[in-house]
Each structure stands twice: as structure tokens, then as C-alpha cells.
Amino acid sequence: MTARTTRTLAVALSLTAALAISGCSADTKDSASGSGDQPKLTVSGGYMPEPVNDKMAGAFMVIKNDSKTADKLTGVTSPLSDDLQVHETKDQKMQQVQSLDVPAKGELRLARGGSHVMFMGLKNTPKVGDKVTVELRFEKSGPVKVELDVKERTYKAPASTDGTSH
């Protein structure tokens, strides 16, 4: 085999690999737009009531899924705490769960008295007007970063962003 044949073969293989890779990324792009299997999630109404101390705090929000594919909230991270937990309240009892469902063409409401995020062992105590960053982790979707507004302890979200888990 001559050097010229070897170079031609190498270029042909490189082009084939490039076309295969670009084909894969096009499929991924389509699914991320909601037309494939990737859920399309948005978050609204996120807030944290001002914590009483640095022991714990709750976070509430609405996670909306505009796709035909259900997903699950599987975890939360934040610079404010190394121990964030997903909780649900059933029969007036709060308990940690591994995940919460985000139904297709539906929403997951994280609200007082229902499902919520718990921050355990805060690194500092945020005050009213501060913002707390969290990253929501899902079973199928990529992570979603959210800024929570720190509100008064007595704050009650409007009916559109408060209620029980659906």
C-alpha cells in the first residue's frame, strides 16, 4: 500500500466517522426539543421561607412537564447545604423519598404541607431578599438550575404555585 492510498483511506474513514457523529447529535437535538423521548421541564414560583436557624429549611416550586414523556425528580444539590432531601407528606407525616413523579403533560407541585425539598445543616442562614441556587436532578432530563427567592417565614405562594403534589 502506498503512502497516498493510506492517506486517502484515512481521510475516508475520518469523513465517515464525522458523518456518523453529526448524525447522532442531530438525533439528540431532536429529542431535547420535546419531539422525542426527552421530557421538557420548566420550573416556576421557586422560593424558600426564611429559615429560623441553620439547622434546616424547606424549598417549594412547580415543575412543569410540557412533553409526552414522564420524568422523576431524583435529587437536588445546592451550595447552601451538603444534605438536600426530597420529601413527601402523607397522612400528616413527612418522609424522605428517592424520587417524585413529574407526569407527562403535567406538573409536580412542591408546596407547604405536601412534597418539598429539605435543606439539612445549612452552611449559613439566608435572609429575606436573598437568592438560593439549587440544581434539580431528574431521571431522564438534564439538570435544571433554579434560583429560589428567600421570602418571609409566613409567605404563602399564590394558588397557582401552591397546593399539594400531583
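Arg 109 is buried, since its relative accessible area is 12%, where buried stands for under 20% relative accessible area, exposed for over 50% and partly exposed for what lies in between (1.4 Å probe, protein chains only). This is a predicted model, in which local features need pLDDT of at least 70 and side-chain atom pairs count only at pLDDT 80 or more, while totals for chains, interfaces and linings use all residues. Residues are numbered from 1 along each chain as its sequence is written, and side-chain values use heavy atoms, with hydrogens and water left out.

**Salt bridges**

The structure holds 7 salt bridges, the term meaning a side-chain nitrogen of Lys or Arg within 4 Å of a carboxyl oxygen of Asp or Glu. Among them are the following.

| Pair | N to O distance |
|---|---|
| Arg 109 and Glu 107 | 2.7 Å |
| Asp 149 and Lys 131 | 2.4 Å |
| Glu 135 and Arg 137 | 2.5 Å |

Because Asp 149 belongs to strand S10 and Lys 131 to strand S9, their pair ties together parts that are 18 residues apart in sequence; strands (E, at least two residues) are DSSP runs, numbered from the N terminus. Asp 149 counts as partly exposed at 26% relative accessibility. Glu 135 is buried, with a relative accessible area of 15%, whereas Arg 137 is partly exposed at 37%.

**Aromatic rings**

The structure holds 2 aromatic pairs, a pair being rings of Phe, Tyr and Trp (its six-membered ring) whose centres lie within 6.5 Å, with planes under 30 degrees apart counted as stacked, over 60 as edge-to-face and the rest as tilted. The ring centres of Tyr 47 and Phe 60 are 5.3 Å apart and their planes stand at 45 degrees, so this pair is tilted; Tyr 47 lies in strand S1 (residues 41-49) and Phe 60 in strand S2 (residues 56-65). Both Tyr 47 and Phe 60 are buried. Tyr 47 also pairs edge-to-face with Tyr 155, at 4.8 Å centre to centre and 75 degrees between the planes, and this pair links parts of the chain that are 108 residues apart. Tyr 155 counts as partly exposed at 23% relative accessibility.

**Surroundings of Ser 141**

Ser 141 is placed in the loop between strand S9 (131-138) and strand S10 (144-151), and counts as buried at 10% relative accessibility. Its side chain makes a polar contact with the side chain of Asp 71 at 2.6 Å, a polar contact being a pair of N or O atoms within 3.5 Å; within protein, one must be able to donate a hydrogen and the other to accept it, and residues adjacent in sequence count only if both atoms are side-chain atoms.

Definitions and conventions
Helices (H or I, at least four residues) and strands (E, at least two) are DSSP runs, numbered from the N terminus.
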